[in-house]
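Hi there,

Here is the structure I promised to pass on. Have a look at it first, and my notes on what turned up follow below.

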Amino acid sequence: MKKTQMLAVTLSAFMAATGFAQERRVLVAYYSKSGNTEKVAREIAAETGGTLARIAERDPYPTDKKAHMERAKDEHRRRVRPEIECPVADLSAYDIIFVGYPLWCGHAPAPVLTFLESHDFGGKRVTIVPFVTYGGSPFARGTEDLRQSAPKAVFDKTIAVRAATVPKSADRVRKEAREAMARAK
């Protein structure tokens, strides 16, 4: 019986120390075109117990890669914020929000910025943990795009995953998600 009690106390202490206390609500909002970012989002949600929410544009991007990138560049240049669909209308219920996206031409896709700009982060402390999948571009500009779109939010370190390594990155992603949860107090 004492072993059971000791295990319960140890587990409770671990959960409190790592930020997994039940009163903390986690959202894992992501935008994904190829499926890489969605895979990372699912790992984070599984590790944190977070609610998954897919961000999608109402007017789909062209399937032709060149036309797709031209539209993405134009949206960034003109600061266009396309209409989106997302199952979460009110972020006030969440304490930690993981926001994921693929890096496009060094920037966060416009639908992700629409998502962030649609919410006011001034009412309560919310920690945003960006996660990005990328090919070759440096990801720092994409994170800066998010910071500009949600200036009242608190940002944690970005979880960055090279697209080619997504299939074998689950352990690292889960570890970084745990660490982000522990930092977001």
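Let me begin at Arg79, which is exposed, with a relative accessible area of 55%. For this and what follows, buried means under 20% relative accessible area, exposed means over 50%, and partly exposed is in between, using a 1.4 Å probe and protein chains only. Arg79 sits in the loop between α3 and β4 (84–85), and its phi is near 55°, a positive value in a residue other than glycine. As background, most residues other than glycine have a negative phi.

Before going further, some housekeeping. This is a predicted model, in which local features need pLDDT of at least 70 and side-chain atom pairs count only at pLDDT 80 or more, while totals for chains, interfaces and linings use all residues. Residues are numbered from 1 along each chain as its sequence is written, and side-chain values use heavy atoms, with hydrogens and water left out.

**The overall chain**

The secondary structure comes to six helices and eight strands, in the order α-β-α-β-β-α-β-β-α-β-α-β-β-α along the sequence. Here helices (H or I, at least four residues) and strands (E, at least two) are DSSP runs, numbered from the N terminus. The chain has 185 residues, and 48% of them count as buried.

Let me take α3 (65–78) to start with. This helix has 14 residues and reaches 20 Å from its first C-alpha to its last, close to the 20 Å expected. Its buried residues are His68, Arg71, Ala72 and Glu75. Seen down the axis of α3, they fall within an arc of 100°, so they line one face of the helix. On the other side of α3, Lys66, Arg77 and Arg78 are exposed.

Next is α2 (36–48), whose 13 residues should span 18 Å; the end C-alpha atoms are 19 Å apart, which agrees. Among the buried residues of α2 are Asn36, Thr37, Val40, Ile44 and Thr48. The C-alpha atoms of Ala41 and Gly100 are separated by 6.9 Å, although the two residues are 59 apart along the chain.

Then there is α6 (residues 170–183), with 14 residues and a reach of 20 Å from first C-alpha to last, close to the 20 Å expected. In this helix Val173, Glu176, Ala177, Ala180 and Met181 are buried. Viewed down the axis of α6, the buried residues fall within an arc of 145°, so they line one face of the helix.

**The largest pocket**

A pocket here is an open set of points on a 1 Å grid over the protein atoms alone, where a 1.4 Å probe fits, with protein on both sides within 12 Å along at least five of seven lines; lining residues have an atom within 4 Å of a point. The largest pocket has a volume of about 320 Å³, the volume being the space filled by probe spheres set on the points, which are joined across faces, edges and corners.

Its lining has 19 residues, and Lys33, Ser34, His68, Pro102 and Trp104 lie nearest the centre. α2, α3 and β6 (127–134) each supply at least two residues of the lining, with α3 giving the most, at three. The lining divides into eight nonpolar, nine polar and two charged residues. In that scheme Ala, Val, Leu, Ile, Met, Phe, Trp, Tyr, Cys and Pro count as nonpolar, Asp, Glu, Lys and Arg as charged, and the others, Gly among them, as polar.

Tyr101 is in strand β5 (residues 96–102) and is buried, with a relative accessible area of 0%.

**Cysteines**

With a disulfide taken as a pair of cysteine sulfur atoms within 2.5 Å, the count comes to zero. Cys86 is partly exposed, at 21% relative accessible area, and Cys105 is partly exposed too, at 33%. Cys105 lies in the loop between β5 and α4 (110–117), and its phi is near 50°, a positive value in a residue other than glycine.

Best wishes

Conventions: The expected span of a helix is 1.5 Å times one less than its number of residues. The arc is that of the directions from the helix axis to the C-beta atoms.
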